[in-house]
Amino acid sequence: MVSTPPVPDYIESCYFCPRNVRVGGARNPDYQSVFVFDNDHPCVGPDAPRSLERPAGIYRNAPANGVARVVCYTPKHNATLAELPVAAIADLLRAWRDQYLELGARPEISHVLTFENKGEVVGVSNPHPHGQIYATNFVFKTIETEAAASRRHHQDHGRALFRDIIRAEQDDGRRILFESESAIVFLPYFARYAYECYVAPKETHASLATMTPDEVDALAAALKSLLVRYDNLWQQSFPYVLTLHQAPTDGADYSGFHFHIEIHPPLRKPHLLKYLAGPEVGGGNFLSDTRPESKAEELRAVSDVHYKAQHE
Ligand SMILES: [Zn+2]
Ligand SMILES: [Zn+2]
């Protein structure tokens with residue numbers, strides 16, 4: 001068996017490691033836990049053009065601007081979110097909450113999108129554990145759709161839509177991967193990707209901002225249990241897109257909006273990507289060739305102790 005040399009916890013050429021100089025010229029501090037900084041290659045920035053040329057005909061446009069930040073989860077280059085202790089994941093949740101509060105309070109910011117792209121198949125070049133934040137003057141489409149559906153459901157039934165989703169999952173039970181007093185993890189009935197999972201508090205909170213310290217700790221434990229199972233499934237670091245779905249910060253009424261974390265892993269098998277093709281890109285509907293119940297069963301069958309920690 002060919003063994004690859006272990007990756008060290010510090011890399012001199014990494015822009016995210018402590019004490020290193022980034023592309024923009026700034027030097028990272030000797031940080032010990034979570035470290036947040038403005039993205040040196042912002043996708044949205046304060047310098048975005050304000051006056052745009054009007055497109056021809058029926059086309060329309062509007063200036064997009066905001067703040068893009070990078071969130072390093074840990075100084076350890078060779079760690080992953082799944083391998084961090086629950087307490088460190090809770091620290092990250094608090095850092096995400098602080099960013100949501102700080103950026104969301106700005107009058108020009110309508111929405112704070114917090115996400116992590118993980119793995120080379122998702123296009124991540126630097127494996128140092130990190131995520132990103134796009135705080136923008138517009139609301140991202142999926143959140144806008146969810147907010148509208150949540151508002152409608154709340155008006156019609158007086159209940160949060162996501163609470164009814166949780167109840168349906170509990171009534172069925174086959175797709176629940178983890179449940180504690182205040183947090184739940186499930187692979188939903190409507191999953192589009194084979195291993196798509198949701199992690200959420202059981203009480204309705206529009207964002208991390210109103211959660212109690214106990215609820216944040218419980219959410220960290222729930223998230224950890226899922227990420228460990230992902231890695232244990234094929235004994236490899238599991239690629240995914242992880243996104244926080246928090247209420248927009250544009251001042252509208254979001255009662256009925258229930259904060260949750262969505263995780264979309266692109267792999268169907270160890271080296272097999274789910275390609276979006278004819279039905280998805282061409283037709284606009286997701287075709288899933290796996291049953292969510294059997295995928296949930298696979299994840300439930302593996303240990304919730306990380307495989308790397310099992311051999312220590
Ligand atoms: Zn690094
Ligand atoms: Zn969502």
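Start with a charge on a ring: the charged end of R19 sits over Y10, 5.1 Å from the centre of its ring. "Over" here asks for NZ of Lys or CZ of Arg within 6 Å of the ring centre and within 35 degrees of the ring normal. R192 does likewise with F286, lying over the face of the ring at 5.4 Å from the ring centre.

Before going on, some housekeeping. This is a predicted model, where local features need pLDDT of at least 70 and side-chain atom pairs count only at pLDDT 80 or more, while totals for chains, interfaces and linings use all residues. Side-chain values use heavy atoms, with hydrogens and water left out, residues are numbered from 1 along each chain as its sequence is written, and chains are lettered from A and ligands numbered from 1 in the order in which they are written.

Now for the salt bridges, each a side-chain nitrogen of Lys or Arg within 4 Å of a carboxyl oxygen of Asp or Glu. The structure holds 24 of them. E169 and R175 make one at 3.0 Å, N to O. Is R175 buried or exposed? R175 is buried, at 3% relative accessible area, and E169 is buried too, at 2%; the cut-offs are under 20% for buried, over 50% for exposed and partly exposed in between, with a 1.4 Å probe and protein chains only.

D289 and R268 also meet in a salt bridge, at 2.9 Å from N to O. That pair links distant parts of the chain, 21 residues apart: D289 is in the loop between α5 (278-282) and α6 (292-301), and R268 is in strand β10 (residues 267-269). Helices (H or I, at least four residues) and strands (E, at least two) are DSSP runs numbered from the N terminus. D289 is exposed at 53%, whereas R268 is partly exposed at 26%.

R300 is partly exposed at 31%, as is E297 at 42%. Elsewhere, shared partners join E169, D172, R174, R175, R291 and E293 into one salt-bridge network.

On to the aromatics. Rings of Phe, Tyr and Trp (its six-membered ring) pair if their centres lie within 6.5 Å; planes under 30 degrees apart are stacked, over 60 edge-to-face and the rest tilted. The count is 16 aromatic pairs. Y195 and F238 are edge-to-face, because their centres are 5.9 Å apart and their planes lie at 85°. Both are buried, Y195 at 1% and F238 at 1%. Finally, F16, Y31, F35 and F37 form one aromatic cluster.
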